[in-house]
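I opened the model today to look up a few things. These are my notes, in the order I made them.

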Amino acid sequence: MSVSDKGALRVVRAGPLALLVDDGRFGVRHLGVTQGGAADWFSFRWANWLLGNALDAAALEIVIGGGLELEAEADSTLALMGADLDAHLNDRALSPGATFTIRAGQRLVFRQPRNGLRAYLAVPGGLEAPQVLGSRSATPREQLGGLHGDGRTLQVDDKLAWNGRAVTGRRLPFDPAINMALSGNWLALVPGAQIGHFSGASLSRAFNLPWRVDDRADRMGVRLVGPILHCRLGSMISEGIPLGAVQVPPDGQPIVLLNDRQTIGGYPRLGALTPLAAARLAQCLPGQEVRLVATAREHALRTHRRCLAAFR
Amino acid sequence: MVAQIELTAMDVLMVRLFDAIDEANMGWIVAADRALREAFGEELIDLVPSYTTLMLHYDALRLDHDEAIGRIQRVLERLEPADTGLGQCHEVPVWYDLSVGPDLTRVAERAGIAVDEVVRRHCGRDYYVFALGFAPGYSFMGLVEEALATPRLKTPRRRVAAGSVGIADRQTAIYPLTSPGGWNILGRTAFPLFEHARRGEPLLRPGDRVRFKSISREEFVRQGGDTTVLESAP
(Lines give C-alpha, C1' and ligand atoms only; values in the text may rest on other atoms or scores of the structure.)
Protein backbone atom coordinates (compact mmCIF):
# COMPACT_ATOMS: atom_id res chain seq x y z
CA MET A 1 0.00 0.00 0.00
CA SER A 2 1.31 3.42 -0.82
CA VAL A 3 0.37 6.17 1.53
CA SER A 4 1.07 9.62 0.14
CA ASP A 5 1.81 12.58 2.38
CA LYS A 6 -0.97 14.62 0.85
CA GLY A 7 -4.57 13.74 1.35
CA ALA A 8 -8.07 15.09 1.39
CA LEU A 9 -11.62 14.23 2.32
CA ARG A 10 -14.51 15.66 0.38
CA VAL A 11 -17.72 16.44 2.26
CA VAL A 12 -20.53 14.48 0.60
CA ARG A 13 -23.15 15.20 3.27
CA ALA A 14 -22.60 17.85 5.93
CA GLY A 15 -24.63 16.46 8.85
CA PRO A 16 -25.96 18.76 11.57
CA LEU A 17 -22.65 20.09 12.93
CA ALA A 18 -19.01 19.43 12.22
CA LEU A 19 -16.29 22.01 12.58
CA LEU A 20 -12.57 22.45 12.39
CA VAL A 21 -10.93 22.79 15.80
CA ASP A 22 -7.56 23.03 17.47
CA ASP A 23 -6.63 23.97 21.06
CA GLY A 24 -8.50 27.27 20.77
CA ARG A 25 -7.80 30.96 20.54
CA PHE A 26 -5.77 32.49 23.37
CA GLY A 27 -4.39 35.92 24.17
CA VAL A 28 -7.39 37.61 22.51
CA ARG A 29 -10.12 37.34 25.14
CA HIS A 30 -9.73 41.07 25.88
CA LEU A 31 -10.90 41.80 22.31
CA GLY A 32 -14.21 40.10 23.04
CA VAL A 33 -13.04 37.04 21.09
CA THR A 34 -14.12 33.70 22.50
CA GLN A 35 -11.84 30.71 23.20
CA GLY A 36 -13.33 28.17 20.80
CA GLY A 37 -11.38 24.97 20.17
CA ALA A 38 -12.12 21.32 20.86
CA ALA A 39 -14.84 21.12 23.51
CA ASP A 40 -13.49 17.73 24.62
CA TRP A 41 -9.83 18.75 24.43
CA PHE A 42 -8.78 15.47 26.05
CA SER A 43 -10.16 13.29 23.25
CA PHE A 44 -8.98 15.80 20.64
CA ARG A 45 -5.39 15.55 21.88
CA TRP A 46 -5.45 11.77 21.97
CA ALA A 47 -6.71 11.74 18.38
CA ASN A 48 -3.60 13.68 17.36
CA TRP A 49 -1.36 11.56 19.57
CA LEU A 50 -2.51 8.41 17.78
CA LEU A 51 -1.06 9.76 14.52
CA GLY A 52 2.07 11.24 16.09
CA ASN A 53 0.86 14.76 15.31
CA ALA A 54 1.50 17.86 17.36
CA LEU A 55 -1.19 17.52 20.02
CA ASP A 56 -2.83 20.79 18.95
CA ALA A 57 -2.95 20.02 15.21
CA ALA A 58 -6.27 20.99 13.62
CA ALA A 59 -8.83 18.17 13.51
CA LEU A 60 -12.54 17.77 12.90
CA GLU A 61 -15.03 17.92 15.76
CA ILE A 62 -18.12 15.96 14.74
CA VAL A 63 -21.18 16.61 16.88
CA ILE A 64 -23.97 13.98 16.91
CA GLY A 65 -22.96 12.60 13.51
CA GLY A 66 -26.39 12.67 11.92
CA GLY A 67 -25.29 11.47 8.52
CA LEU A 68 -22.03 13.36 7.98
CA GLU A 69 -20.38 11.63 5.03
CA LEU A 70 -16.80 12.12 3.85
CA GLU A 71 -15.10 10.61 0.80
CA ALA A 72 -11.36 9.99 0.64
CA GLU A 73 -9.40 11.30 -2.35
CA ALA A 74 -6.27 9.32 -1.50
CA ASP A 75 -5.17 6.39 0.65
CA SER A 76 -4.46 7.59 4.17
CA THR A 77 -4.19 6.70 7.83
CA LEU A 78 -6.60 8.65 10.06
CA ALA A 79 -7.46 8.54 13.76
CA LEU A 80 -10.85 8.55 15.43
CA MET A 81 -11.31 9.41 19.08
CA GLY A 82 -13.99 10.61 21.49
CA ALA A 83 -17.65 9.74 21.13
CA ASP A 84 -18.89 6.57 19.48
CA LEU A 85 -21.10 8.06 16.75
CA ASP A 86 -21.69 4.71 15.03
CA ALA A 87 -19.04 5.53 12.44
CA HIS A 88 -18.68 3.33 9.36
CA LEU A 89 -16.00 3.05 6.71
CA ASN A 90 -18.11 1.93 3.78
CA ASP A 91 -19.89 -0.97 5.52
CA ARG A 92 -17.33 -1.64 8.21
CA ALA A 93 -18.03 -0.33 11.73
CA LEU A 94 -15.25 1.81 13.22
CA SER A 95 -14.64 2.08 16.94
CA PRO A 96 -13.17 5.26 18.36
CA GLY A 97 -9.77 5.15 20.03
CA ALA A 98 -7.69 3.87 17.12
CA THR A 99 -6.17 4.66 13.76
CA PHE A 100 -7.58 3.19 10.56
CA THR A 101 -6.69 3.09 6.90
CA ILE A 102 -8.95 4.69 4.34
CA ARG A 103 -8.56 4.13 0.58
CA ALA A 104 -9.28 6.57 -2.20
CA GLY A 105 -13.01 6.47 -2.96
CA GLN A 106 -14.01 4.97 0.38
CA ARG A 107 -16.64 6.78 2.42
CA LEU A 108 -16.69 7.55 6.10
CA VAL A 109 -20.15 8.00 7.65
CA PHE A 110 -21.15 9.15 11.13
CA ARG A 111 -24.66 8.05 12.01
CA GLN A 112 -25.77 8.75 15.59
CA PRO A 113 -24.46 8.89 19.15
CA ARG A 114 -24.04 5.53 20.86
CA ASN A 115 -21.77 6.81 23.63
CA GLY A 116 -20.84 10.48 23.97
CA LEU A 117 -21.63 13.42 21.73
CA ARG A 118 -18.42 14.63 20.02
CA ALA A 119 -16.04 12.57 17.90
CA TYR A 120 -12.62 13.80 16.77
CA LEU A 121 -11.17 12.86 13.42
CA ALA A 122 -7.46 13.59 13.14
CA VAL A 123 -5.42 13.54 9.92
CA PRO A 124 -1.66 13.24 9.33
CA GLY A 125 -0.04 16.58 10.24
CA GLY A 126 -3.39 18.28 10.92
CA LEU A 127 -6.02 19.85 8.68
CA GLU A 128 -4.96 22.76 6.50
CA ALA A 129 -6.75 26.02 7.24
CA PRO A 130 -5.78 29.66 7.72
CA GLN A 131 -4.76 30.86 11.15
CA VAL A 132 -7.10 33.57 12.40
CA LEU A 133 -5.96 35.35 15.57
CA GLY A 134 -3.57 32.51 16.30
CA SER A 135 -5.96 29.60 15.82
CA ARG A 136 -7.68 27.56 13.13
CA SER A 137 -10.73 26.83 15.30
CA ALA A 138 -14.06 27.73 13.75
CA THR A 139 -16.30 29.90 15.92
CA PRO A 140 -19.43 30.32 13.77
CA ARG A 141 -21.05 33.02 15.93
CA GLU A 142 -17.93 35.19 15.52
CA GLN A 143 -17.30 34.35 11.88
CA LEU A 144 -13.70 33.46 12.72
CA GLY A 145 -11.51 30.50 11.79
CA GLY A 146 -12.40 27.16 10.26
CA LEU A 147 -11.70 25.88 6.78
CA HIS A 148 -12.24 29.25 5.09
CA GLY A 149 -11.32 31.55 7.97
CA ASP A 150 -14.88 32.88 8.26
CA GLY A 151 -16.15 30.58 11.00
CA ARG A 152 -18.36 28.45 8.77
CA THR A 153 -19.12 24.91 9.86
CA LEU A 154 -18.57 22.10 7.39
CA GLN A 155 -20.55 22.38 4.12
CA VAL A 156 -21.16 19.98 1.23
CA ASP A 157 -18.19 19.89 -1.19
CA ASP A 158 -15.78 21.40 1.32
CA LYS A 159 -12.42 19.74 0.96
CA LEU A 160 -10.53 18.80 4.12
CA ALA A 161 -6.89 18.68 3.10
CA TRP A 162 -3.62 17.82 4.82
CA ASN A 163 0.01 17.30 4.04
CA GLY A 164 1.81 15.19 6.60
CA ARG A 165 2.89 11.70 7.50
CA ALA A 166 1.40 9.61 10.27
CA VAL A 167 3.42 7.39 12.55
CA THR A 168 2.16 3.83 12.67
CA GLY A 169 1.41 1.41 15.42
CA ARG A 170 0.35 3.74 18.23
CA ARG A 171 -2.25 2.34 20.59
CA LEU A 172 -4.14 4.14 23.31
CA PRO A 173 -2.82 3.35 26.79
CA PHE A 174 -6.39 3.10 28.09
CA ASP A 175 -9.84 1.97 27.03
CA PRO A 176 -11.40 4.97 25.23
CA ALA A 177 -14.88 4.11 26.52
CA ILE A 178 -13.92 4.93 30.12
CA ASN A 179 -13.61 8.59 29.27
CA MET A 180 -17.01 8.67 27.61
CA ALA A 181 -19.64 8.80 30.18
CA LEU A 182 -22.87 6.96 29.86
CA SER A 183 -23.26 7.06 33.61
CA GLY A 184 -21.52 8.20 36.78
CA ASN A 185 -20.68 11.66 35.53
CA TRP A 186 -18.98 13.34 38.45
CA LEU A 187 -17.94 16.80 37.41
CA ALA A 188 -15.19 18.35 39.54
CA LEU A 189 -15.80 22.00 40.38
CA VAL A 190 -13.37 24.45 41.96
CA PRO A 191 -15.55 26.65 44.20
CA GLY A 192 -15.35 30.35 43.39
CA ALA A 193 -15.43 33.49 45.49
CA GLN A 194 -19.21 34.00 45.11
CA ILE A 195 -20.10 30.61 46.53
CA GLY A 196 -20.67 32.18 49.96
CA HIS A 197 -23.57 34.18 48.56
CA PHE A 198 -25.62 31.04 47.90
CA SER A 199 -27.88 29.77 50.66
CA GLY A 200 -26.72 26.74 52.64
CA ALA A 201 -29.71 24.75 51.46
CA SER A 202 -28.88 25.58 47.84
CA LEU A 203 -25.27 24.45 48.23
CA SER A 204 -26.35 21.25 49.89
CA ARG A 205 -28.66 20.53 46.95
CA ALA A 206 -26.13 21.63 44.35
CA PHE A 207 -23.53 19.11 45.50
CA ASN A 208 -25.76 16.25 46.65
CA LEU A 209 -28.58 15.98 44.15
CA PRO A 210 -28.33 14.93 40.52
CA TRP A 211 -28.54 17.39 37.63
CA ARG A 212 -29.98 16.63 34.23
CA VAL A 213 -28.32 17.96 31.07
CA ASP A 214 -30.93 20.07 29.30
CA ASP A 215 -31.44 20.13 25.54
CA ARG A 216 -30.44 23.80 25.63
CA ALA A 217 -26.81 22.81 25.26
CA ASP A 218 -24.23 23.85 22.71
CA ARG A 219 -20.61 24.94 22.45
CA MET A 220 -21.42 28.17 24.33
CA GLY A 221 -22.88 26.51 27.37
CA VAL A 222 -24.89 23.69 28.86
CA ARG A 223 -27.96 24.23 30.99
CA LEU A 224 -28.46 21.92 33.96
CA VAL A 225 -31.93 21.17 35.27
CA GLY A 226 -32.51 20.24 38.89
CA PRO A 227 -33.12 21.87 42.26
CA ILE A 228 -33.60 25.64 42.23
CA LEU A 229 -30.53 27.44 43.61
CA HIS A 230 -30.87 30.72 45.48
CA CYS A 231 -28.18 33.35 45.50
CA ARG A 232 -28.28 36.57 47.50
CA LEU A 233 -26.55 38.38 44.65
CA GLY A 234 -28.92 39.25 41.83
CA SER A 235 -27.15 40.23 38.68
CA MET A 236 -23.68 41.65 38.97
CA ILE A 237 -21.51 44.00 36.99
CA SER A 238 -20.20 41.99 34.02
CA GLU A 239 -16.79 40.42 34.49
CA GLY A 240 -14.61 37.86 32.69
CA ILE A 241 -15.93 34.29 32.47
CA PRO A 242 -13.52 31.34 32.65
CA LEU A 243 -13.99 27.99 30.92
CA GLY A 244 -16.35 25.78 32.90
CA ALA A 245 -17.87 28.63 34.94
CA VAL A 246 -21.08 27.46 36.59
CA GLN A 247 -23.25 30.56 36.55
CA VAL A 248 -26.68 30.76 38.12
CA PRO A 249 -29.18 33.16 36.52
CA PRO A 250 -32.23 34.36 38.49
CA ASP A 251 -34.26 31.25 37.54
CA GLY A 252 -31.90 29.22 39.77
CA GLN A 253 -30.90 26.73 37.07
CA PRO A 254 -27.16 26.68 36.37
CA ILE A 255 -25.52 27.19 33.01
CA VAL A 256 -22.04 25.74 32.57
CA LEU A 257 -20.05 27.84 30.13
CA LEU A 258 -17.94 26.07 27.56
CA ASN A 259 -15.51 26.96 24.79
CA ASP A 260 -17.63 29.38 22.72
CA ARG A 261 -18.93 31.31 25.76
CA GLN A 262 -19.24 35.09 25.90
CA THR A 263 -16.06 36.65 27.24
CA ILE A 264 -17.80 38.64 30.00
CA GLY A 265 -21.09 38.21 31.85
CA GLY A 266 -22.89 39.15 35.00
CA TYR A 267 -24.45 36.16 36.75
CA PRO A 268 -23.17 34.89 40.11
CA ARG A 269 -21.21 31.64 39.98
CA LEU A 270 -20.76 28.58 42.11
CA GLY A 271 -17.27 28.24 40.70
CA ALA A 272 -15.77 26.65 37.61
CA LEU A 273 -15.47 23.05 36.44
CA THR A 274 -11.92 21.81 36.00
CA PRO A 275 -10.80 21.65 32.35
CA LEU A 276 -11.19 17.85 32.45
CA ALA A 277 -14.72 18.09 33.82
CA ALA A 278 -15.64 20.66 31.16
CA ALA A 279 -14.41 18.22 28.50
CA ARG A 280 -16.47 15.46 30.04
CA LEU A 281 -19.62 17.59 30.19
CA ALA A 282 -19.12 18.42 26.51
CA GLN A 283 -19.62 14.71 25.81
CA CYS A 284 -22.93 14.48 27.69
CA LEU A 285 -26.17 14.16 25.78
CA PRO A 286 -29.36 15.95 26.80
CA GLY A 287 -31.16 13.92 29.43
CA GLN A 288 -27.99 12.50 30.95
CA GLU A 289 -27.45 12.86 34.67
CA VAL A 290 -24.42 14.59 36.14
CA ARG A 291 -23.29 15.42 39.66
CA LEU A 292 -21.16 18.29 40.83
CA VAL A 293 -18.37 17.57 43.26
CA ALA A 294 -16.36 20.33 44.92
CA THR A 295 -12.63 19.92 44.58
CA ALA A 296 -9.70 21.92 45.90
CA ARG A 297 -7.69 23.90 43.34
CA GLU A 298 -4.47 22.06 44.28
CA HIS A 299 -6.10 18.69 43.76
CA ALA A 300 -7.61 19.76 40.44
CA LEU A 301 -4.20 20.90 39.23
CA ARG A 302 -2.50 17.66 40.31
CA THR A 303 -5.09 15.63 38.41
CA HIS A 304 -4.67 17.90 35.40
CA ARG A 305 -0.89 17.46 35.40
CA ARG A 306 -1.17 13.70 35.71
CA CYS A 307 -3.54 13.66 32.79
CA LEU A 308 -1.18 15.72 30.59
CA ALA A 309 1.79 13.57 31.57
CA ALA A 310 0.11 10.56 29.94
CA PHE A 311 0.68 12.05 26.48
CA ARG A 312 4.45 11.59 26.69
CA MET B 1 -10.63 50.81 45.54
CA VAL B 2 -11.25 47.35 47.04
CA ALA B 3 -8.27 45.49 45.47
CA GLN B 4 -9.34 41.93 46.13
CA ILE B 5 -7.88 38.79 44.52
CA GLU B 6 -10.40 35.96 44.12
CA LEU B 7 -10.06 32.35 43.05
CA THR B 8 -12.18 31.96 39.92
CA ALA B 9 -11.09 28.64 38.37
CA MET B 10 -8.23 26.16 38.62
CA ASP B 11 -5.92 28.53 36.73
CA VAL B 12 -7.86 31.81 36.82
CA LEU B 13 -7.85 34.67 39.33
CA MET B 14 -10.17 37.67 39.46
CA VAL B 15 -8.62 40.98 40.41
CA ARG B 16 -11.48 43.06 41.78
CA LEU B 17 -10.72 46.77 42.05
CA PHE B 18 -14.15 48.40 42.46
CA ASP B 19 -17.71 47.52 43.34
CA ALA B 20 -19.59 50.01 41.16
CA ILE B 21 -19.43 51.30 37.58
CA ASP B 22 -17.75 54.69 37.44
CA GLU B 23 -15.93 56.61 34.73
CA ALA B 24 -13.25 57.34 37.31
CA ASN B 25 -12.42 53.58 37.48
CA MET B 26 -11.00 53.55 33.99
CA GLY B 27 -7.60 55.05 34.79
CA TRP B 28 -7.03 52.31 37.35
CA ILE B 29 -8.27 49.49 35.14
CA VAL B 30 -6.10 50.62 32.23
CA ALA B 31 -3.05 50.92 34.50
CA ALA B 32 -3.67 47.50 36.08
CA ASP B 33 -4.09 45.95 32.63
CA ARG B 34 -0.69 47.25 31.51
CA ALA B 35 1.11 46.38 34.72
CA LEU B 36 -0.33 42.84 34.96
CA ARG B 37 0.58 42.08 31.34
CA GLU B 38 4.12 43.15 32.08
CA ALA B 39 4.33 41.28 35.38
CA PHE B 40 3.07 37.97 33.92
CA GLY B 41 4.71 38.11 30.48
CA GLU B 42 4.86 34.68 28.87
CA GLU B 43 2.97 33.08 31.73
CA LEU B 44 -0.15 35.09 30.94
CA ILE B 45 -2.72 33.22 28.86
CA ASP B 46 -5.48 35.84 28.88
CA LEU B 47 -6.30 39.04 30.74
CA VAL B 48 -9.88 40.30 30.48
CA PRO B 49 -10.49 43.78 31.89
CA SER B 50 -14.07 44.79 32.59
CA TYR B 51 -15.83 47.63 34.43
CA THR B 52 -14.53 46.83 37.91
CA THR B 53 -12.37 43.72 37.48
CA LEU B 54 -9.58 42.10 35.53
CA MET B 55 -9.81 38.35 35.00
CA LEU B 56 -6.37 36.78 34.81
CA HIS B 57 -5.86 33.35 33.23
CA TYR B 58 -2.29 32.23 33.82
CA ASP B 59 -0.30 29.19 32.80
CA ALA B 60 -0.64 27.06 35.92
CA LEU B 61 1.72 24.43 34.52
CA ARG B 62 4.57 26.96 34.58
CA LEU B 63 3.57 29.36 37.32
CA ASP B 64 2.70 28.49 40.89
CA HIS B 65 -0.58 29.81 42.32
CA ASP B 66 1.11 31.60 45.24
CA GLU B 67 3.62 33.21 42.92
CA ALA B 68 0.75 34.40 40.70
CA ILE B 69 -0.92 35.99 43.70
CA GLY B 70 2.38 37.54 44.78
CA ARG B 71 2.84 39.12 41.37
CA ILE B 72 -0.65 40.59 41.45
CA GLN B 73 -0.11 41.95 44.96
CA ARG B 74 3.14 43.63 43.93
CA VAL B 75 1.37 45.20 40.95
CA LEU B 76 -1.49 46.48 43.11
CA GLU B 77 0.85 47.92 45.73
CA ARG B 78 2.60 50.09 43.15
CA LEU B 79 -0.46 50.94 41.08
CA GLU B 80 -1.08 54.54 40.01
CA PRO B 81 -4.05 55.41 37.79
CA ALA B 82 -3.22 55.95 34.13
CA ASP B 83 -3.98 59.35 32.66
CA THR B 84 -7.20 58.59 30.79
CA GLY B 85 -6.70 61.81 28.86
CA LEU B 86 -4.09 59.79 26.97
CA GLY B 87 -6.69 57.32 25.68
CA GLN B 88 -7.64 57.85 22.05
CA CYS B 89 -10.67 59.91 21.16
CA HIS B 90 -12.77 58.59 18.27
CA GLU B 91 -15.51 60.25 16.28
CA VAL B 92 -18.02 57.63 15.14
CA PRO B 93 -20.37 58.68 12.33
CA VAL B 94 -23.92 57.36 12.74
CA TRP B 95 -26.95 57.49 10.49
CA TYR B 96 -29.79 57.94 12.99
CA ASP B 97 -33.00 56.96 11.26
CA LEU B 98 -36.16 55.05 12.12
CA SER B 99 -35.50 52.55 9.32
CA VAL B 100 -32.22 51.37 10.86
CA GLY B 101 -32.89 52.63 14.39
CA PRO B 102 -36.52 51.70 15.09
CA ASP B 103 -36.15 52.12 18.87
CA LEU B 104 -35.58 55.87 18.55
CA THR B 105 -39.30 56.34 19.18
CA ARG B 106 -39.30 54.14 22.29
CA VAL B 107 -36.41 56.08 23.79
CA ALA B 108 -37.99 59.42 22.81
CA GLU B 109 -41.36 58.49 24.31
CA ARG B 110 -39.82 57.34 27.58
CA ALA B 111 -37.79 60.54 27.86
CA GLY B 112 -40.73 62.69 26.77
CA ILE B 113 -38.67 64.39 24.06
CA ALA B 114 -38.58 64.47 20.27
CA VAL B 115 -36.60 61.92 18.24
CA ASP B 116 -34.27 64.67 17.01
CA GLU B 117 -33.57 65.59 20.59
CA VAL B 118 -32.64 61.97 21.39
CA VAL B 119 -30.11 62.09 18.57
CA ARG B 120 -28.76 65.46 19.69
CA ARG B 121 -28.29 64.23 23.23
CA HIS B 122 -26.80 60.86 22.26
CA CYS B 123 -24.20 62.80 20.27
CA GLY B 124 -23.82 65.37 23.00
CA ARG B 125 -21.15 63.83 25.16
CA ASP B 126 -18.02 61.71 25.18
CA TYR B 127 -18.42 58.10 26.24
CA TYR B 128 -15.70 56.02 27.86
CA VAL B 129 -15.04 52.53 26.55
CA PHE B 130 -15.49 50.46 29.73
CA ALA B 131 -15.00 46.95 28.40
CA LEU B 132 -14.88 44.75 25.32
CA GLY B 133 -16.96 41.58 25.26
CA PHE B 134 -20.01 39.78 23.90
CA ALA B 135 -18.54 39.63 20.38
CA PRO B 136 -15.21 40.50 18.71
CA GLY B 137 -14.80 44.27 18.99
CA TYR B 138 -18.06 44.84 20.88
CA SER B 139 -17.39 47.81 23.18
CA PHE B 140 -19.49 48.68 26.20
CA MET B 141 -19.51 52.47 26.54
CA GLY B 142 -21.03 55.00 28.88
CA LEU B 143 -22.46 56.73 30.55
CA VAL B 144 -25.52 57.79 28.60
CA GLU B 145 -27.33 60.72 30.25
CA GLU B 146 -29.99 59.70 32.72
CA ALA B 147 -32.94 60.96 30.63
CA LEU B 148 -32.09 58.63 27.71
CA ALA B 149 -31.51 55.56 29.89
CA THR B 150 -33.82 52.83 28.56
CA PRO B 151 -33.93 49.21 29.70
CA ARG B 152 -33.20 46.36 27.30
CA LEU B 153 -36.04 45.06 25.14
CA LYS B 154 -38.17 42.45 26.93
CA THR B 155 -37.69 40.09 24.01
CA PRO B 156 -34.36 40.44 22.21
CA ARG B 157 -34.30 40.68 18.43
CA ARG B 158 -33.07 37.57 16.73
CA ARG B 159 -31.01 39.62 14.28
CA VAL B 160 -29.48 43.00 14.94
CA ALA B 161 -27.58 44.23 11.87
CA ALA B 162 -23.83 44.79 12.02
CA GLY B 163 -23.05 48.44 12.78
CA SER B 164 -26.21 48.98 14.83
CA VAL B 165 -25.77 51.56 17.58
CA GLY B 166 -27.82 50.92 20.69
CA ILE B 167 -28.37 51.83 24.29
CA ALA B 168 -29.26 49.74 27.33
CA ASP B 169 -29.83 51.57 30.59
CA ARG B 170 -26.96 54.07 30.76
CA GLN B 171 -24.69 52.20 28.36
CA THR B 172 -24.23 52.49 24.64
CA ALA B 173 -22.56 50.14 22.15
CA ILE B 174 -22.06 49.25 18.50
CA TYR B 175 -22.78 45.72 17.22
CA PRO B 176 -19.67 44.70 15.23
CA LEU B 177 -21.45 41.70 13.70
CA THR B 178 -25.01 40.76 12.92
CA SER B 179 -26.16 38.91 16.02
CA PRO B 180 -29.10 38.49 18.39
CA GLY B 181 -29.46 41.43 20.77
CA GLY B 182 -31.73 43.21 23.19
CA TRP B 183 -30.42 46.78 23.12
CA ASN B 184 -32.51 49.75 21.92
CA ILE B 185 -31.26 50.48 18.42
CA LEU B 186 -30.96 54.17 17.42
CA GLY B 187 -29.02 54.07 14.18
CA ARG B 188 -26.22 52.49 12.23
CA THR B 189 -22.54 53.12 11.53
CA ALA B 190 -20.08 51.87 8.94
CA PHE B 191 -17.27 52.09 11.52
CA PRO B 192 -15.30 48.84 10.84
CA LEU B 193 -15.12 47.40 14.36
CA PHE B 194 -15.15 43.74 13.39
CA GLU B 195 -12.58 44.04 10.60
CA HIS B 196 -10.09 45.46 13.08
CA ALA B 197 -10.94 43.03 15.87
CA ARG B 198 -10.38 40.02 13.60
CA ARG B 199 -6.87 41.33 12.91
CA GLY B 200 -6.26 41.69 16.64
CA GLU B 201 -6.12 45.49 16.43
CA PRO B 202 -9.31 46.79 18.00
CA LEU B 203 -10.38 50.29 17.01
CA LEU B 204 -11.78 50.94 20.47
CA ARG B 205 -9.94 49.97 23.65
CA PRO B 206 -10.87 50.32 27.29
CA GLY B 207 -10.11 53.87 28.41
CA ASP B 208 -10.67 55.34 24.92
CA ARG B 209 -13.42 57.90 24.43
CA VAL B 210 -16.07 57.96 21.72
CA ARG B 211 -18.24 60.77 20.41
CA PHE B 212 -21.04 59.94 17.99
CA LYS B 213 -21.72 62.26 15.07
CA SER B 214 -25.02 62.33 13.21
CA ILE B 215 -24.62 61.94 9.45
CA SER B 216 -27.00 61.86 6.49
CA ARG B 217 -28.13 58.76 4.63
CA GLU B 218 -25.99 59.82 1.64
CA GLU B 219 -22.90 60.16 3.79
CA PHE B 220 -23.60 56.78 5.42
CA VAL B 221 -23.95 55.09 2.02
CA ARG B 222 -20.78 56.80 0.80
CA GLN B 223 -18.96 55.28 3.79
CA GLY B 224 -20.15 51.84 2.71
CA GLY B 225 -23.08 51.56 5.13
CA ASP B 226 -25.83 48.99 4.64
CA THR B 227 -29.32 50.58 4.56
CA THR B 228 -31.31 47.37 5.02
CA VAL B 229 -34.28 48.11 7.28
CA LEU B 230 -34.13 46.74 10.83
CA GLU B 231 -37.31 45.06 12.05
CA SER B 232 -39.24 46.76 14.83
CA ALA B 233 -38.93 45.33 18.32
CA PRO B 234 -40.62 41.91 18.59
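First, a definition: a residue is buried if 20 or more other C-beta atoms lie within 10 Å of its own, exposed if 12 or fewer, and partly exposed in between, with C-beta atoms placed from the backbone. This is a predicted model, where local features need pLDDT of at least 70, side-chain atom pairs count only at pLDDT 80 or more, and totals for chains, interfaces and linings use all residues. Residues are numbered from 1 along each chain as its sequence is written, while chains are lettered from A and ligands numbered from 1 in the order in which they are written.

**Entry 1: B:G87**

I asked why B:G87 counts as partly exposed. The reason is that B:G87 has 19 C-beta neighbours inside 10 Å. I found B:G87 in the loop between helix 2 (65-78) and strand 5 (89-96) of chain B. Helices (H or I, at least four residues) and strands (E, at least two) are DSSP runs, numbered from the N terminus. Next I looked up contacts (C-beta atoms, placed from the backbone, within 7 Å). Leaving aside neighbours within four places in sequence, B:G87 touches B:G207, B:D208 and B:R209. I also checked B:R71, 16 residues apart from B:G87 along the chain; their C-alpha atoms are separated by 26 Å.

**Entry 2: the domains of chain B**

Domain bounds come from an automatic or database domain assignment. For chain B it gives domain 1 (4-85) and domain 2 (87-222). I read 28 Å between their centres, taken over C-alpha atoms. Nine residues of domain 1 and seven residues of domain 2 make the contact. On the domain 1 side, helix 1 (residues 26-40) of chain B gives the most, with three residues. I sorted that side by class: six nonpolar, two polar and one charged. Here Ala, Val, Leu, Ile, Met, Phe, Trp, Tyr, Cys and Pro count as nonpolar, Asp, Glu, Lys and Arg as charged, and the others, Gly among them, as polar.

**Entry 3: the barrel**

Which order do the seven barrel strands of chain B follow? They close in the order 5-12-9-10-7-6-13, and the pairing is mixed. Neighbouring strands of this sheet are turned by 40° against each other on average, direction ignored. Axes are lines fitted to C-alpha atoms, for helices over the stretch in contact, and angles run from 0 to 180 degrees between N-to-C directions. Two strands pair if DSSP finds at least two bridges between them. Strand 5 and strand 13 (residues 209-214) of chain B run parallel, joined by six bridges. I noted one partner: B:V92 bridges to B:F212 in strand 13 of chain B.

**Entry 4: a hairpin in chain A**

In chain A, a hairpin joins strand 13 to strand 14 through three residues. These two strands pair in the antiparallel sense over three bridges. Strand 13 (residues 211-217) of chain A also pairs with strand 20 (residues 289-294) of chain A, antiparallel, over two bridges. I then followed A:R212. Its bridge partner in strand 14 of chain A is A:V225, and in strand 20 of chain A it is A:E289.

**Entry 5: where the chains meet**

How many residues of chain B are in contact with chain A? I read 35, against 34 residues of chain A. Strand 3 of chain B gives the largest share of the chain B side, five residues. By class, that side has 23 nonpolar, nine polar and three charged residues.

How values were computed
Two residues are in contact if their C-beta atoms, placed from the backbone, lie within 7 Å.
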